[in-house]
Amino acid sequence: MLKKIIQTIVGEDNKKPKAVQCLWYSDINYLALDIELVFKTKQGYEKKTVTTLNYMDFENEEELSEEAKRIGKTLAEKYNAEFYFPSPDKWLRNCPNWWDSKVALKCEDCGVPIIPTDSEYLPQEVCYPCHLKREQNESLKNDQTTEDRYSFYNINDEESPICNYSPTLENLLVYKYLNKKEIENNFTGNFGTYHIDRDKLIELKIKIEKEIDKIL
């Protein structure tokens with residue numbers, strides 16, 4: 001495919017692109033990645049589609065993304081141009097073109113440049129996948145279907161995404177590697193917080209690695 005693409009575009013004009021960009025495109029029944037050349041013009045910038053990779057031609061989204069990166073990086077190297085693929089790890093269709101990316105709004109959660117939605121029902125500060133993740137986390141936090149709830153959070157300055165939750169402490173994935181008495185001393189009934197600092201995380205990592213070594 002790559003050889004055919006290069007043969008098609010070579011010799012069409014003498015203009016060299018400033019960038020090669022990979023952007024997602026989708027509708028209800030269609031998902032694809034457009035690979036485009038970006039040219040500087042007197043009016044600003046213009047883009048020219050080199051090829052479109054259809055999701056239906058690949059096993060999964062990751063394979064589609066990897067092929068787009070392979071083609072895009074090869075073209076960028078050929079033209080000595082910048083390679084721009086703002087969201088290689090997840091489908092996201094509201095990313096700006098390369099020439100707007102430097103001044104575009106960045107998603108508060110993942111840092112990907114985005115074009116703010118004009119929907120009154122969606123937040124403008126995060127991309128759609130991160131919005132769904134926030135909703136899921138909030139739903140789990142507010143879920144009152146069980147009397148007991150224990151959650152394992154990855155905590156930073158701005159967010160606390162739930163990694164694992166369970167109606168019992170024993171079913172938390174990392175519970176068996178932690179100090180049981182220390183955890184229980186921090187809980188009163190159904191309430192409490194147990195913090196794992198950096199040193200404890202290192203100890204936890206070593207314990208898990210030793211257990212994996214024994215299994216292998």
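Which residues do ring pairs link into a cluster? Select Trp24, Phe83 and Phe85 and you have them on screen. Rings of Phe, Tyr and Trp (its six-membered ring) pair if their centres lie within 6.5 Å; planes under 30 degrees apart count as stacked, over 60 as edge-to-face and the rest as tilted.

**Before you go further**

You are looking at a predicted model, in which local features need pLDDT of at least 70 and side-chain atom pairs count only at pLDDT 80 or more, while totals for chains, interfaces and linings use all residues. Residues are numbered from 1 along each chain as its sequence is written, and side-chain values use heavy atoms, with hydrogens and water left out.

Now show the whole protein as a cartoon: its secondary structure comes to six helices and 10 strands. Helices (H or I, at least four residues) and strands (E, at least two) are DSSP runs, numbered from the N terminus.

**Stop 1: the sheet**

Select residues 19-27, which are strand β1. Seven of these nine residues are buried, so the strand is largely enclosed by the rest of the structure. Here buried means under 20% relative accessible area, exposed over 50%, and partly exposed in between (1.4 Å probe, protein chains only).

Two strands pair if DSSP finds at least two bridges between them. The two strands form a hairpin with two residues between them. Highlight cysteine 22 and you will find isoleucine 35 of β2 standing opposite.

Next bring in residues 82-84, strand β4, which pairs with β1 in the parallel sense over three bridges. Alanine 19 stands opposite glutamate 82 there. With β3 shown too, you have an open sheet of four strands in the order β3-β2-β1-β4, with mixed pairing. β3 (45-54) and β4 stand at the edges, each with a single partner strand, so one side of each is left without a neighbour in the sheet. β2 and β3 pair in the antiparallel sense over nine bridges, and glutamate 36 stands opposite threonine 49 in β3.

**Stop 2: the cores**

Select Ile35, Leu53, Ala68 and Leu75: these have the most contacts inside the largest nonpolar core, which has 19 residues. A nonpolar core is a set of buried Ala, Val, Leu, Ile, Met, Phe, Trp, Tyr and Cys residues joined through side-chain atoms within 4.5 Å. β1, β2, β3 and α2 (61-79) each supply at least two residues of this core, and its largest share, six residues, comes from α2.

Zoom in on alanine 68, which touches Cys22, Leu33, Ile35, Leu53 and Phe85, not counting residues up to four places away in sequence. Contact means heavy atoms within 4.5 Å. Apart from this core lies another, of 13 residues, among them Ala19, Leu23, Leu92 and Cys107.

**Stop 3: the aromatic pairs**

A search of the whole structure finds five aromatic pairs. One of them joins tryptophan 24 and phenylalanine 85; it is tilted, at 6.5 Å centre to centre and 45 degrees between the planes. Tryptophan 24 lies in strand β1 and phenylalanine 85 in the loop between β4 and α3 (98-101), so the pair ties together parts that are 61 residues apart in sequence. Tryptophan 24 is buried, with a relative accessible area of 6%, and phenylalanine 85 counts as buried at 10%.

Finish with tyrosine 45 and tryptophan 99, a stacked pair at 5.8 Å centre to centre and 10 degrees between the planes. Tyrosine 45 counts as partly exposed at 33% relative accessibility, and tryptophan 99 as partly exposed at 26%.
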